[in-house]
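Me: I have a structure open and would like to learn how to read its features. Could you take me through a few of them?

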Amino acid sequence: MDFKLTEEHEMIRQAARDFAINELKPGVIERDEKQEFPKEQVKKMGELGFMGMMASPEYGGGGMDTVSYVLAMEELSKIDASASVVVSVNNSLVCWGLDTYGTEEQKKKYLSKLTTGEKIGAFCLSEPEAGSDATSQKTTAIDKGDHYILNGTKNWITNGNSAEIYLVIAHTDKEKKHRGINAFIVEKGMEGFEVGPKEQKMGIRGSDTHSLTFNDVKVPKENRIGEDGFGFKFAMKTLAGGRIGIAAQALGIAAGAYEMAKEYSKIRKAFGTEIKNHQAIAFKLADMHTSIEAARHMVMKAAWDKDNGHNYDLSGAMAKLYASQVAMDVTVEAVQVHGGNGYVKEYHVERMMRDAKITQIYEGTSEIQKIVISRSILAD
């Protein structure tokens, strides 16, 4: 067992950390308050290769492993979870899905633009009545020979308005249940495709989350991903990898809040000494550090499983379940360490506490992760 990172991994982590501190941190409070999408920062991340890290180099991707990806996700999330979720969706759900299951034509037409950040992608699965229950899709795609007619609504779509390429999951034959689901590539601007109002969210307010409506949208047959009926499997496989990215995001939020709390404890004085010298605070920091380190090992294990061709459904679900809980626990304690200042925006930790909550919800709630875990451990 070797727990040391390679020199390349260390370089990637440092590059992500430098970018987060120099490019994401300035203005992060204002972007959160104004619910402003980090457009310029995302463009720069594309130029630096963060938007297509794991995709094939022949389509503009970095050809990196999952460990590299989660290292970058952790560092970006320490500073700005709204920016890091753009990276997560584009890498884990959109680029990976197209690179793994797309046709050569689809990769040339779409993937090469997504990996460089020239265009941003979105993954469209959730609906008003189909969040955790992904098989209850109401969106339909009727086969018309050389094209499909798409109708329906998708909710809570990350990058909803900023994206230009959307992977949409829809039913083509409801009688076949999950075997009658397909995945389609939809472009912004297609007739009948509309983006709804921006959601007013508690956290990751810089990320643009929208509902989408499809009214008789004509989607070419060549925009279907995989064979007929492959959509549900495509969604589940893609989400399994996406959970590793969100686990890394949760880890980063926790680690960022902990680092701020630790530094604050060294300068804030109470009862004649720095608060780090009070056991009540020192023990909080000890618990925070321990839980973060445990979460980091779980995230790395899931990434390692994926890189080595092992089944990562279980390790990915466990990493997301645990890391998201750690994110909530640590951010709450980080606010507590800051005292009254923790409740003030300029100290960042109140934003991080709000951002942490979504990691227990999107790309599979904590309850869904427990279903995945329990089914896996009871299958033997």
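Me: Is His 297 buried, partly exposed or exposed?

Reply: A word on the model before we start: it is predicted, with local features needing pLDDT of at least 70 and side-chain atom pairs counting only at pLDDT 80 or more, while totals for chains, interfaces and linings use all residues. Residues are numbered from 1 along each chain as its sequence is written, and side-chain values use heavy atoms, with hydrogens and water left out. As for the scale, buried means under 20% relative accessible area, exposed means over 50%, and partly exposed is in between (1.4 Å probe, protein chains only). His 297 has 39% relative accessibility, so it counts as partly exposed. You will find His 297 in helix 8; helices here are DSSP runs of H or I with at least four residues, strands are runs of E with at least two, and both are numbered from the N terminus.

Me: How do I read the packing of two helices, and at what angle do helix 7 and helix 8 pack?

Reply: Two packed helices are described by the angle between their axes and the distance between the axes. The axes are lines fitted to C-alpha atoms over the stretch in contact, and angles run from 0 to 180 degrees between N-to-C directions. Helix 7 (residues 231-267) and helix 8 (residues 279-307) pack at about 155 degrees, with axes 9 Å apart. The two are therefore roughly antiparallel; angles over 145 degrees count as roughly antiparallel, under 35 as roughly parallel, 65 to 115 as roughly perpendicular and the rest as oblique.

Me: Which residues make the contact between helix 7 and helix 8?

Reply: Contact means heavy atoms within 4.5 Å. Among the residues involved are Gly 241, Ile 244 and Tyr 258 of helix 7, and Ile 281, His 289 and Arg 296 of helix 8. The contact residues divide into 16 nonpolar, three polar and three charged. Here Ala, Val, Leu, Ile, Met, Phe, Trp, Tyr, Cys and Pro count as nonpolar, Asp, Glu, Lys and Arg as charged, and the others, Gly among them, as polar.

Me: How close do the axes of helix 4 and helix 5 come?

Reply: The axes of helix 4 (residues 66-79) and helix 5 (residues 81-101) come within 7 Å and cross at roughly 155 degrees. That pair is therefore roughly antiparallel too. Its contact includes Tyr 69 and Met 73 of helix 4, with Val 87 and Asn 91 of helix 5. By class, the contact residues of helix 4 with helix 5 are six nonpolar, five polar and no charged.

Me: What about nonpolar cores: how many residues has the largest one?

Reply: In soluble globular proteins, nonpolar side chains tend to be buried together. A nonpolar core is a set of buried Ala, Val, Leu, Ile, Met, Phe, Trp, Tyr and Cys residues joined through side-chain atoms within 4.5 Å. The largest has 90 residues, and Met 45 and Leu 98 have the most contacts inside it. Helix 7 gives the largest share of this core, 18 residues. A second, separate core of 18 residues includes Tyr 148 and Phe 184.
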